[in-house]
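Hi,

Here is the structure I promised to pass on. Have a look at it first, and my notes on what turned up follow below.

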Amino acid sequence: MMKPWLAAITIGMAPIIKAGYDPKLGVYKQLQQQFKQEDKSVKGFETAKEQMLFLAKLPKAVQMQLLQKGLHDYARADQQMNQIVHAWMHGRTKTLGKIVGQQMRDNSPALYQVLVVKRNQRWSQQIAQMMHTDTGTIFVAVGAGHLAGPDRLQVQLRKLGIQTTRVHQ
């Protein structure tokens, strides 16, 4: 009864919880809460509906591949989640790129194009527009997988003439 992409997302949440993380306490939720308390505006690059449509519009074969990969990796997914968090906390972008991006690039190039490359390209355009039209300080938060690998957001911004500097090591 459930579409393959939705089943894959549902299965993908279990290892996060198994590894001891509470999805309700994620970075985005924490930042939104903090900014709301500080009366700062929060804008998203895309809505939850748009994110679901990215997956729903994938060819059925790619959706099945995503589901099969999730089922195959389920037993060790909590360990992988801990590796991702550890790499992120210590600024190890090459490790992040291998864990998150390279596996997706190798296992499902179509999924990688939709979830990483195309989104990073759109986001870089949106960031460039904000930098030219908004005043004051702009803070951008994206998932760790968008900051590692050959198609990372920083590369897309550089193509638009925007230099980025890492401030946390």
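**Helix packing and a few single residues**

Helix α3 runs past α7 in a right-handed crossing (left-handed if the near helix is turned anticlockwise from the far one by less than a right angle, right-handed if clockwise). Before going on, a word on what you are looking at: this is a predicted model, where local features need pLDDT of at least 70, side-chain atom pairs count only at pLDDT 80 or more, and totals for chains, interfaces and linings use all residues. Residues are numbered from 1 along each chain as its sequence is written, and side-chain values use heavy atoms, with hydrogens and water left out. Helices are DSSP runs (H or I, at least four residues), numbered from the N terminus.

**α3 with α7**

Back to that pair. The axes of α3 (residues 48-56) and α7 (residues 109-133) come within 10 Å and cross at roughly 140°; axes here are lines fitted to C-alpha atoms over the stretch in contact, with angles from 0 to 180 degrees between N-to-C directions. The two helices are therefore oblique to each other (under 35 degrees counts as roughly parallel, over 145 as roughly antiparallel, 65 to 115 as roughly perpendicular, and the rest as oblique). On the α3 side, Gln 51, Phe 54 and Leu 55 meet Leu 111, Val 114, Leu 115, Arg 119 and Arg 122 of α7, contact meaning heavy atoms within 4.5 Å. Sorted by class, that gives five nonpolar, one polar and two charged residues (Ala, Val, Leu, Ile, Met, Phe, Trp, Tyr, Cys and Pro are nonpolar, Asp, Glu, Lys and Arg charged, and the others, Gly among them, polar).

**α6 with α7**

α7 also meets α6: their axes come within 5 Å and cross at roughly 135°, which makes α6 oblique to α7. From α6 the contact uses Gly 101, Met 104, Arg 105, Asp 106 and Asn 107, and from α7 Pro 109, Leu 111, Tyr 112, Leu 115 and Val 116. These residues split into six nonpolar, two polar and two charged.

**Ser 124**

Further along α7 sits Ser 124. Is Ser 124 buried or exposed? With a relative accessible area of 2%, Ser 124 is buried (buried is under 20% relative accessible area, exposed over 50%, partly exposed in between, with a 1.4 Å probe and protein chains only). Apart from neighbours within four places in sequence, Ser 124 touches Leu 153, Gln 156, Leu 157 and Leu 160.

**α5 and its surroundings**

α5 (residues 77-89) has 13 residues and reaches 18 Å from first C-alpha to last, close to the 18 Å expected (1.5 Å times one less than the number of residues). Its buried residues are Ala 77, Asp 78, Gln 80, Ile 84 and Ala 87, and they pack against α1 (4-18), α4 (60-73) and α6 (93-107).

With α6, the angle is about 135° and the axes are 8 Å apart, so α5 is oblique to α6. This crossing is left-handed. Gln 80, Gln 83, Ile 84, Ala 87 and Trp 88 of α5 meet Thr 95, Leu 96, Ile 99, Val 100 and Gln 103 of α6: six nonpolar, four polar and no charged. Just after α5, Gly 91 has a positive phi of about 65°.

**Asp 39**

Most residues other than glycine have a negative phi. Asp 39 is not a glycine, yet has a positive phi of about 60°. You'll find Asp 39 in the loop between α2 (27-37) and α3, and at 73% relative accessibility it counts as exposed.

Cheers
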